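Trainee: I would like to go through some side-chain features and learn how each one is read.

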Amino acid sequence: MSVMLALLLLSAGSHLVLDDTSEIPRSEWRYVDIEAKERMAVVNCEYQVVSENSPVRVVWIERRNLESFRAGRRVNILAVSPFGMDGKLRHVAPEPGDYAMVLENQPASRQRARVKVRVWLESAISPREVSPQRRLAVILISAIVFFAIVSLSAFKLRGAVVG
């Protein structure tokens, strides 16, 4: 039972989507496809502009709204960071599905932006956020298994010493 619980906690980690440097032409944008496989998955993005004076922002939208974004309509945006030389974005995917993380160079920018970006997904079942009932269950199961092993070892050692 405790082995199964440990495997569940280990599998509930994070999934790296992108860790690279991207170049974004002036007044344009690039995107990364993201597939959220479970409800309430957490998307994380950290970015840092490594070129001079080219502020960018990160926009997180559903993949099906990418065409309207391409046409200049900035609607149905799930989350957005302010324009800047670095930043972070953390948001929950409302449903499983296809999403896009857009890196957008500032419209008034006259330079290309080189951006170091890291995007990853975290499971909705995060080991950091275990309910009090589960914590108690893990502690009790661990204590029972520990005392069972100690008792069995003591019994075997006692039999070896007496015999």
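Trainee: Which ring does the charged end of arginine 74 sit over?

Mentor: First, the basis: this is a predicted model, where local features need pLDDT of at least 70, side-chain atom pairs count only at pLDDT 80 or more, and totals for chains, interfaces and linings use all residues. Residues are numbered from 1 along each chain as its sequence is written, and side-chain values use heavy atoms, with hydrogens and water left out. A charge sits over a ring if NZ of Lys or CZ of Arg is within 6 Å of the ring centre and within 35 degrees of the ring normal. Here the charged end of arginine 74 is over the ring of phenylalanine 69, 3.8 Å from its centre. Arginine 118 lies over the face of tryptophan 120, at 4.5 Å from the ring centre.

Trainee: Which aromatic cluster does Phe69 form with other residues?

Mentor: Rings of Phe, Tyr and Trp (its six-membered ring) pair if their centres lie within 6.5 Å; planes under 30 degrees apart count as stacked, over 60 as edge-to-face and the rest as tilted. Phe69 forms one cluster with Trp29 and Tyr31. The structure holds four aromatic pairs. In one of them, tryptophan 29 and tyrosine 31 have ring centres 6.2 Å apart and planes at 45 degrees, so the pair is tilted.

Trainee: Is tryptophan 29 buried or exposed?

Mentor: Buried means under 20% relative accessible area, exposed over 50%, partly exposed in between (1.4 Å probe, protein chains only). Tryptophan 29 is buried because its relative accessibility is 15%, whereas tyrosine 31, at 31%, is partly exposed.
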